[in-house]
Each structure stands twice: as C-alpha cells, then as structure tokens.
Amino acid sequence: MSKTQTAAMMPGAEVILKVMEAEGVDVIFGYPGGAVLPIYDALFKNNSIRHILVRHEQAAVHAAEGYARSTGKVGVVLVTSGPGATNAVTGLTDALMDSVPIVCLTGQVPSHLIGTDAFQEADTSGITRPCTKYNYLVKKSDRLQANIEEAFHVARSGRPGPVVLDLPKDIQMLDAPYVEHKSAAPAVQRYKPVTSPDKAVIKEAVKMMKQAKKPVIYGGGGLINSGPHASDALHRLVGKTGWPTTLTLMGLGALPADDRHFLGMLGMHGTYQANLTMHNCDFMLNLGARFDDRVTGRLSEFAPFSKKVHADIDPSSINKVVNVDLGIIGDVGETLEALLAEMEAQSFRPNDKAMARWWEQIEGWRSRDCLAFEQAGPVIKPQKSIQRLYEMTMDRDVYVTTEVGQHQMWAAQYFGFHKPNRWMTSGGLGTMGYGLPAAVGVQVAHPEATVIDISGEASFLMNMQELSTIAQYNLPVKIFILNNEWMGMVRQWQELVHGKRYSESYSSSLPDFVKLADTFGMKGLRASAADDLDDVIAEMLATDGPVIADIRVEKEENCFPMIPSGAAHHEMILGPEDEANKSISEEGKVLV
Amino acid sequence: MLDTTQTERHTLSVLVDNEPGVLARVVGLFSGRGYNIESLTVSEVDTARQLSRISVVTSGTPMVIEQIKQLLDKLVPTHSVQDLTVGPAHVERELALVKIVCVGDKRVESLRVADSFRARTLDSSLNSFVFEVTGNSSKVTAFIELMNSLGDTEVARTGVCGMTRGNNIDLVG
Ligand SMILES: Cc1ncc(C[n+]2csc(CCOP(=O)(O)OP(=O)(O)O)c2C)c(N)n1
Ligand SMILES: [Mg+2]
C-alpha cells in the first residue's frame, strides 16, 4: 500500500465486504447474531455477495468446504461471537485436516469488553488457534483491510486451510480506511510458501524413477488442491510411464476411475491390488499425499522394499511419519510439470521388461476381484445401491458428498470419479454430518449439477436441520441414505474387535424419512427391495427439486476389504470367509 | 534418511513478528504434538520492525527435531528458524539469579564459590545473598548445585539464548 494513496473512510463492516468483493467472493455461508449485526446490515445493502442462511454454524463451515472443494475457490463463513464461533469449531478442524481454504469471520464483543466474560464472549482466537491455519483478533481499524487480505492469501496459498478473523463489534462499526486496489503486498511478503520445486531435486527424482522396476504412483488430496492442471499432468505422467497408480480417499478423481493404470483407492478399505502393489513396490512416488495412518497401516511394515519420493507443498509433511529417500517441496502440479520436463531431458523410458513382469503380478492381485459381491434375494446390498447410483448417473455432471461410515467407504469403492473436484468427503477428521451441508455448498456453487449426498441414517441425523436450508433455497440436492439402522461402521468394529457386543450402536427411533421429506416440502422415496432400487434412483434423478431417498439396505453387511488396525498392507481381510483366519492383535485394538 | 532412535538436544533461534498470540502459537505447537520444551526465552529485539526472538531448547530424535523446525517455519509470523546446534559454531548463555540463605562457614564458602564462578552479588543481608551468574547451562547448573549444598536456595533462570559466531546476521528474509 503506497503511503500517498488516499484511503476512503467507511464503517468497518463495509470495508469487510469491499475487501471480499475484491477477493472474488460471491457467496457467504452464515448465521447472524448480536456481534455481527453491523456486517449483516452492510450485507442487506450489498448486491454482489449472496448470503446463504444455514441452520447451524457447523453446517456453515461444511457448506463453505463443499463450495471450496468443488470450485477451488476460498469458502467464506460468517458467524456470531460465543456460541456461533464455538459451533464452527468442528468445521474449522475438518477444514484444517483436509486442507480446505476457508475464511471464517466471527463476531466478537466490543474491544473494551474483551476479557470481562461479557455476554456471548468466547476466547475465539484462543479456541481456534490449534484448529486453524492462522487466526486474527482484529484490534485496529487501520489494519482491518490488511488483515482480511492476508487472511485470504494465507487460506489459499501453500497448503490451504481455514483462517479465522475475529472481529470485535466496535471494529465493524468504526470508520476504517479502505484503499481501492489490491494492496496485499505486505501480506505476500510475510507468508511465501515455496511452490516451485528445486531443479536439482527434480533431477535426482527422475534418476531414481529410472531405476524403478516395481514402481507405484500414490496420489493424494494435494492433486485436487493444486487445481485441475495437476490431474491433467498426472494423466500425462501415467501415460508416459505406464505405472500403476493408486489414490487416497482425498485424491479420488485425480485420475479417471476407468484408466487401466488405476488400481483403486488404497488403505484400510482400499483394494487388494492397490495395497499389495504398495506393499511390494520397489519405488514409490507420493504426489500430494501425507502417509495418513488409514493409508499406511502398520508403519514398520509399510512398503518395506521401496525407495520413496515424496512431493508435498508442506515441508512439515515430509518425513513426518514415514522417512523418505527424497522430498520434493512444491506445488504438486508444478512438480509434475517439472518431472515431465526432466524425464524428457533425461530421455526417460519405462523399463518395458520389468514393467511387463510387474503388471503381470498386479493383474494377478486384481483378478481376486476384491470388490465382488453378490446381490441375491430381495434385500438390497449397499454395494449394489452405490453401483447402480453410479451407473445411472454416468451421463450427468455429478458431484458426490458423503457422511462418515460404511456408506462413505462403499461410495469410495463403488462410485467412479473421472474428474477432480467431484468428490467431497471428510477424510482427516471423519466428521459425521459433513455431507449434507457440504452438498448445500456444492449445489450453491453448481446450480445445474446433480449433487448427491451419499448418507448413512445416523450421520444424516447429525445435521439434518439443513433440510430447512435446502428447502429455503430450493436446492435440488439428492440425499441418498443407505439406511442399515446401525451406526454400521461402529457395529462392524464391535463385531470384529469387541466380540459382537453391540454397545449403543443401534440407530433406534429413526424418523420416517419419506414423511420427513414431506414436512419440508421435498420428495421422499423409499427402496425396500432390490427390485425397487432402479426405479427409486430413476425417480430421484428425474425430480427437479430436493429428494430424500431412504434406501433400506442389508443391515449387517460389513465393509471389505479391510486392513484391520495395526496390520500391514499384505494382511488384508478380503471378506467374511477370510475374517476368521485373521485375528486382530492387542496392539491393533488400541488404534482407531 | 533421518534417525528415529537417538534423542538429541537442540537450541533453536526463531525470529518472529511480535504480535499478539505468537508465543501461544509456538508453545501450542509443542504441547499439541507432545514435544519437549526444556527452556524458552522470548523478548522483542527490534522495536521499529516489531520483531521478537524466541530461543528454545528442545530434545527429540532427529526426525522430531526436523519436524519441529518445519512446523515453526510454517507459522505465518515466523521469519526464520535457525538450528544453532547443527549450524556453524555458536555461543549460548544463560543467566540465573540464586538466593542463598546461610550463616557462618557456609556463608563464607558461598562467597568463595560465587567468586570462582564470577557471579556478582546483587543483594546481601546478614544471612543471605542474591547472586547473578551467567554462562552456559552446565556452568549455571553446577553453580546452583554448589549453592544447594551450602544452604536453602531460591533460583530463577532465564533459559538459554544463543547466536552463531562470526559475521553472519539473521535478518528478516
Ligand atoms: C461426529 C462423529 N461422531 C462419531 C463418529 C464415530 N463414527 C464413525 S462412523 C459412525 C457410524 C455412522 O453411522 P451411519 O451414518 O449410519 O453410517 P454407516 O456406517 O451405517 O454407513 C460413527 C458413530 C464420527 N465419525 N463422527
Ligand atoms: Mg447406518
């Protein structure tokens, strides 16, 4: 900001909206209250920023996450002080774990009351410090513009994440300077994550790639965060190398599901071929994944024969849990382009002979057909319901969100994603109640698209107040509930790990989902038998408005394959027949 | 590859913006992830640019130390992170104030010990002294142990602060 530039003076609330307009914000997800009334007042007079009124502040953050993950833009949240801010904490933590760019404005009691236990006062900056990438308590009107601009810069740069701006009510009301034009120069100077990978490191990486005889590409959410160009570059890398590729839960869609090099998702409920390829590889190229414990299984046995290269924008991700041979710090899209250029320069050729042998081995694992299931009889197999949902939406521009549990894993296993930004799920935090509000955010961003929340009946109840939001804005979200009348994933662990003692995991006293839809003026559908399934899906898709589809699935189906906690990739349980042979170790039981 | 078995002690020097919450951010990073803080000192060092220097002594395996440095570096208000222990030669100092209550021979002996440690006498009464001692941590510890054997003591230590030797200056990058 040049010193000579004259600043216009206006109330802080107007500065806040002006800066957001300049940052390209077109929608805010929020909920009002006393400490943010000046901002709501300014919004009332504003024509360019749309406000979506949610029914709970947690949902505001998840909606903003859905918006952000499906567009690549920063999601914006506005909540009041005290309970508004504390309600947002789960969403902020979720966004931190899954690296989602969010700017969350929280109201705060006026500056002179801070620290007096004033009405609806909470130490928001203290509470949110560990669950945000960064946070501010704005204390000076003349820093307001710079603080907001920096907040957006921090949220979207480097490894994205949530940023909280705590705004005392007097700061919103007092006149503050606003300088027209991008003036984020000081912010950019202070926070400058490295995005371009080091040339020498890229050279070294390609040298290592040339030695590989049993390579695997292991891609993660960084590929999605980097933008669609990263997925495009991955596609070219896979084409050029012919290497087998697996993706994490967060990375699904970075490579089209029907690409023959794609082995499916890896990890706890990943495919047999993906996990065995990881276990037996001699070279691993990690692109924007973080060696999460759901992925690695027992660390001491994780890919024990491999050299590992790890590309990540976050330097603290490298060597955090898995010691690697080479770390590449940078944006994964840029890293991929640099690798492709360097492979050209070093005339990289895949080792055809070795690759043929490696693929033969992999095809052997693939032929176990680990996701096979049998739909016999009238009871709907949950897998079947996802498979049909996928097949019947293939010709559409479809966005899927999920809740957390078995249905989430089945969605990851049986729904194929062909493009990035089409799959929104709570990976790191595993937040039940994420999917419905996330679908709100996705649908707001993509009004014409088919947006489906693949849900479980228990998770649905966690944020079902958002049905009201969906009704208010007539968002045509399709809520596809895999209703097994159990907290299925909990029931599965109790069956496998706790001697079938099903403690408190039964979903009792469920509402009639069809009638529930009716009370909100939505369509409610039910599929009770396998024969109903296609008709219900077809009718759901043909409906213009929102739909709740209650899919009554097999109640005690387990989600396989599964790496029991504490086990290694090659110790997967493939199905119920396999279960008896593999008991879960005492160390494993401690893990979650 | 980083060693994950041996525990090492490192002195880190971190230059940060002196803004509200910055110390809480640094301390939270350690406590939230279960890392050790053996000592920590912080003070503003550049008033014009509002910079503070945090000196922190921590211990962990090389993998953990590396993680700590990366996490510190990642904080928005951080300008630089120096690991004095692995960098070029450095100096480290600590200051302690030690109050000792004793009489007779022990009082005489405490003065003699203070003298040999080049401690300064800041306060004296008929049965007590307050000494100021500076040096590296082991010297300060040795002094305190000797004083403990001579009487009842009260101790205040600053924790370690340090910097590299030579003409290299750690500036805002
Ligand atoms: C907020 C929250 N509380 C608790 C859990 C633990 N948890 C994980 S899955 C699950 C059961 C989910 O049940 P449901 O939504 O019906 O899905 P299903 O597994 O039956 O498909 C629970 C309770 C969680 N992930 N999130
Ligand atoms: Mg269920």
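Which strands of chain B does helix α1 lie across? Helix α1 (residues 22-32) lies across β1, β2 and β3 of chain B. The views below come from a predicted model, where local features need pLDDT of at least 70, side-chain atom pairs count only at pLDDT 80 or more, and totals for chains, interfaces and linings use all residues. Residues are numbered from 1 along each chain as its sequence is written, chains are lettered from A and ligands numbered from 1 in the order written, and side-chain values use heavy atoms, leaving out hydrogens and water.

**View 1. An open sheet in chain B.** Four strands line up as β2-β3-β1-β4 with antiparallel pairing (strands pair if DSSP finds at least two bridges between them; strands are DSSP E runs of at least two residues, helices H or I runs of at least four, numbered from the N terminus). Because β2 (39-46) and β4 (78-83) of chain B each have a single partner strand, one side of each is left without a neighbour in the sheet.

**View 2. Strands β1 and β3 of chain B.** Ten bridges join β1 (residues 8-17) to β3 (residues 51-60) in the antiparallel sense. Here His10(B) stands opposite Thr58(B) of β3(B).

View 3. Polar contacts here are pairs of N or O atoms within 3.5 Å. An oxygen atom of ligand 1 lies 2.6 Å from a side-chain N or O atom of Ser459(A), and an oxygen atom of the ligand is 2.9 Å from a side-chain N or O atom of His407(A). The largest share of the shell around ligand 1, four residues, comes from α19(A).

Methods:
Contact means heavy atoms within 4.5 Å. Axes are lines fitted to C-alpha atoms, for helices over the stretch in contact, and angles run from 0 to 180 degrees between N-to-C directions. A polar contact is a pair of N or O atoms within 3.5 Å; within protein, one must be able to donate a hydrogen and the other to accept it, and residues adjacent in sequence count only if both atoms are side-chain atoms.
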